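Please look at the chain shown below before reading on, and keep it in view while the report moves from the whole fold to single residues.

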Amino acid sequence: MIHTRLTVLLTASVLIATGVVGTTSAHAADDDPNDPPGTDPSAAAPVKVDPADPDLKLPDGATLAQAKVLDIKSVVEDRSGDERREDTNTSVTFALQAEVLFGKDSAKLGAEAKSRITGIAEEIKTQNATRVRVFGFKDNLGSSAHGDVLSKKRANAVHDILTETLNDAGITYEVRGYGEQYPIADNSTEAGRKKNRRVEVSFPRTED
């Protein structure tokens with residue numbers, strides 16, 4: 001009986017922690033620069049807990065937060081910082097620095113851009129993705145309106161190479177320009193602004 005009670009309490013503690021962290025994670029997802037509007041929510045937790053269970057010890061007035069499965073996130077960035085790959089349980093995201101793809105304040109693709117984008121296209125094929133998001137972002141220099149337009153033009157340019165390379169009518173694309181929204185670094189430094197000037201390509205992972 002003691003062993004059973006201890007097991008229940010330990011399980012409850014883990015689930016309470018998961019619920020609390022999951023709630024924070026869900027809230028943070030709204031503000032997370034890597035999760036702009038339109039991205040998928042995390043999966044629901046597979047374990048159900050009865051809040052009325054007499055062996056579940058909660059402080060007076062406390063309630064259980066909704067439990068969620070926390071994504072395992074792996075981030076790999078090349079030494080130059082020009083390209084970053086992020087893998088989670090459900091998706092793959094590539095972020096390419098604008099300087100690698102375009103000239104200054106331009107949406108015209110440079111010489112190195114096509115090979116970089118072609119590499120992403122190969123991964124889309126590997127994952128058998130049928131839904132691809134191409135999002136453009138900018139730093140906070142210049143007017144917000146200009147940043148919105150330029151980031152969308154840059155996203156369109158990357159999208160054009162992807163569609164040309166993949167040549168697959170079964171893939172649906174979502175292309176957006178977010179301008180200076182969703183920075184991933186501090187816009188008060190040039191190093192930070194460089195990271196924020198980027199195009200992200202994301203798509204679902206193949207289920208194992």
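## The chain as a whole

What percentage of the contacts in the chain with a separation of 6 or more comes from residues 24 or more positions apart? Such residues account for 71% of those contacts, where contact means heavy atoms within 4.5 Å. This is a predicted model, in which local features need pLDDT of at least 70 and side-chain atom pairs count only at pLDDT 80 or more, while totals for chains, interfaces and linings use all residues. Residues are numbered from 1 along each chain as its sequence is written, and side-chain values use heavy atoms, with hydrogens and water left out.

The chain has five helices and six strands, which follow one another along the sequence in the pattern α-β-β-β-α-α-β-α-β-α-β. Helices (H or I, at least four residues) and strands (E, at least two) are DSSP runs, numbered from the N terminus. The chain has 208 residues, of which 35% count as buried; buried means under 20% relative accessible area, exposed means over 50%, and partly exposed lies in between, for a 1.4 Å probe and protein chains only.

## Aromatic pairs

A pair of aromatic rings is described by the distance of the centres and the angle of the planes. Rings of Phe, Tyr and Trp (its six-membered ring) pair if their centres lie within 6.5 Å, and planes under 30 degrees apart count as stacked, over 60 as edge-to-face and the rest as tilted. The structure holds four aromatic pairs. One of them joins Phe94 and Phe203, whose rings are stacked, at 6.3 Å centre to centre and with 25° between the planes. Because Phe94 lies in strand 3 (residues 91-97) and Phe203 in strand 6 (residues 198-204), this pair ties together parts that are 109 residues apart in sequence. Both Phe94 and Phe203 are buried.

The rings of Phe135 and Tyr178 have centres 5.2 Å apart and planes at 85°, so this pair is edge-to-face. Phe135 belongs to strand 4 (residues 131-137) and Tyr178 to the loop between strand 5 (172-177) and helix 5 (190-196), so the pair ties together parts that are 43 residues apart in sequence. Phe135 and Tyr178 are both buried, and together with Phe137 and Tyr182 they form one aromatic cluster.

## Residues and their contacts

Glu123 is found in helix 3 and is buried, because its relative accessible area is 14%. Leaving aside neighbours within four places in sequence, Glu123 is in contact with Arg85 and with Phe94 and Phe203, the two residues of the stacked pair. Arg193, in helix 5, also counts as buried, at 16% relative accessibility. Not counting residues up to four places away in sequence, Arg193 touches Asp139, Asn140, Leu141, Asp186, Asn187 and Ser188.

With residues up to four places away in sequence left out, Val175 touches Val134, Lys152, Ala155, Asn156 and His159.

## Two asparagines with positive phi

Most residues other than glycine have a negative phi, and most peptide bonds are trans. Asn128, however, has a positive phi of about 55° although it is not a glycine. Asn128 is found in the loop between helix 3 (113-126) and strand 4, and with 61% relative accessibility it counts as exposed. Asn167, which is not a glycine either, has a positive phi of about 45°. The loop between helix 4 and strand 5 holds Asn167, which is exposed, with a relative accessible area of 67%.

## The second largest pocket

Which residues line the second largest pocket? They are Ala98, Glu99, Phe102, Gly103, Lys104, Asp105, Lys138, Asp139, Leu150, Arg154 and Arg197. Helix 2 (98-101) and helix 4 (144-166) are the elements that give two or more residues to this lining. On a 1 Å grid over the protein atoms alone, a pocket is an open set of points where a 1.4 Å probe fits, with protein on both sides within 12 Å along at least five of seven lines, and lining residues have an atom within 4 Å of a point.

By class, the lining has three nonpolar, one polar and seven charged residues. Here Ala, Val, Leu, Ile, Met, Phe, Trp, Tyr, Cys and Pro count as nonpolar, Asp, Glu, Lys and Arg as charged, and the others, Gly among them, as polar.
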